[in-house]
Amino acid sequence: MAEQNAKTSVVLVHSVVVLLLMFGVGFLPPFSTLTPLGMEVLGIFLGLVYGWTFVGFSWPSLLSIIALGWTDFGTVNGMLSMAFGDGQTILLFLVMPFAYFFVSTGMSNQFAKYLLSSRVCIGHPWVMTFFVFLTGWCLGALTGGVASIVITWSFFYGMCREFGYEPGEKYPMYTVLGIGFSCLLGFGSMPFRPVPIVLISSLHNLSDGAHELGFAQFAAVNVPLTLLSILAYLLVMRFAFRPDVSKVLNADPQYFIRMRQELSLTCPQRVAGYGMLLFIVAAFLPSLIPGTAVGSFFKSLGTQGILALFLVILTFWRHEGKPLLDFNKHVKEGCQWDVIMMIASVAPIAAAMKSPKAGVLTMINQSLDPIFSGMGPLTFLIVLALVCWVMTQFVHNQVVATVFMPILYSFSLSQNVNPAAATALLGFAASAAFLTPAASTPAAVTFGNTEWTTMKEAYRASISGSACCVIIMIGLGVPLTIAVFGLHLQ
């Protein structure tokens, strides 16, 4: 009881700080280029970030929207309309029940079983280990961080029992940690996941649509970088950690053959699998084939429209007398409302911060100009990505993504750097949040798996994986980003 009261008191103190920041800073005298409106906007932004860090996402996000409506920037109804009418908020609301359909039908389990029963795994321990990580990456990209970790872990635990491994042995220990790392990177590789949505939405709102980051362009940078980071961790695991893989090497080939033979998809699972594939193709087509009739059609429909159409079809399609997708159930169980609320608050706060009447971006420019002014475009891109990566190891990556976007956009323009290129690279930096449990939710879940690993080994693996990410981000990520987008503004 005492411990619970102490926690309640701490939350109450943090909540008071949120309120003081949001509604108190505006009474302070303006400084630098800030106007009275700018002071109010700055206070709301600081309170929002503080609330996300120490309280939660839901009520600080909603309160920030209301608080902006009480300023001269707009009205409460206007801010609510901007927040919940924003395309990225709608996208997240629609994609979550759709992803949950993929999980609830059992298709995610069948997908994992299909990858892990590949014949190339037989007699090749490190190939099998890579397929385990690839399974986590794919499920992270399609379903979400924590769900993908739990599903992949459950399959790997079964494999450990089959091979004769026990908790605490080096091979399952580093593989369990690698699964968490892989799922996290998969979670950040697809542009319809929360952190990428924050970045893409912020870029759109800060530039009034002048600079856009297409789905295919985002994936062209982040898919190769995340997969290469997983491969690098695998090499570290093999040559530095050197776990005993003899039990995998000597595993009965019939185990993999039986797993493949047991694959049998039901009608809902087939629909979920093909539906997910069609959605990804349709979402990427406008970026892949712009200017064509097909690309123009899907661009006019939009990713939100594609998802809405899929949900209508799945709700209308009946199987054994019931709809394939129970909309109420899938929204209730599939939607993470705290994340949706967080994304909803991004549009109005970004619009307020870029307003000339507030002067916030001008203040940021003047404050950071001594740091960035002497840098060339390439150095600026590298430093920005590194600073973001360092911060996201200690503060939740969604928070860091939100904080960094106004800085990124403002200084990208001043440094003649393509802001879409900087945003894509920032996506990888913010997604590689695995160094500490505070870095991201998947990191916290992975560090908390005390049955199969220890805190010491968790940090050893996280440091190794994080180092791989930094090397790949600088050595390959920067050249790849420049190749896809170009470094300079056109």
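User: What makes N328 and K332 of α16 count as exposed?

Analyst: In this predicted model, N328 and K332 are exposed residues on the face of α16 turned away from its buried side. Exposed means over 50% relative accessible area, so that is the range these residues fall in.

User: Which residues of helix α16 are buried?

Analyst: Helix α16 spans residues 327–334, and H330, V331 and G334 are its buried residues. The cut-off for that word is under 20% relative accessible area.

User: How do you know that the buried residues of α16 line one face?

Analyst: Look down the axis of α16: the buried residues fall within an arc of 100°, so they line one face of the helix. Among the elements covering them are α5 (87–104) and α17.

User: Let's turn to the cavity. How many cavities of 30 Å³ or more are found?

Analyst: Searching the whole structure gives one cavity of 30 Å³ or more. The largest cavity holds about 50 Å³ of space.

User: What makes a residue part of the lining of the largest cavity?

Analyst: A lining residue has an atom within 4 Å of a cavity point. Residues that line the largest cavity include F45, S202, V346 and T402. Elements giving two or more residues to this lining are α10 (194–206), α17 (337–354) and α20 (397–414). The largest share, four residues, comes from α17.

User: How do the lining residues divide into nonpolar, polar and charged?

Analyst: Eight are nonpolar, two are polar and none is charged. Phe and Val count as nonpolar, so F45 and V346 belong to that group. Ser and Thr are among the others, so S202 and T402 count as polar.

Notes: Residues are numbered from 1 along each chain as its sequence is written. This is a predicted model: local features need pLDDT of at least 70, side-chain atom pairs count only at pLDDT 80 or more; totals for chains, interfaces and linings use all residues. Side-chain values use heavy atoms; hydrogens and water are left out. On a 1 Å grid over the protein atoms alone, a cavity is a set of points where a 1.4 Å probe fits but cannot get out, and a pocket is an open set with protein on both sides within 12 Å along at least five of seven lines; lining residues have an atom within 4 Å of a point. Grid points are joined across faces, edges and corners, and a volume is the space filled by probe spheres set on the points. Buried means under 20% relative accessible area, exposed over 50%, partly exposed in between (1.4 Å probe, protein chains only). The arc is that of the directions from the helix axis to the C-beta atoms. Contact means heavy atoms within 4.5 Å.
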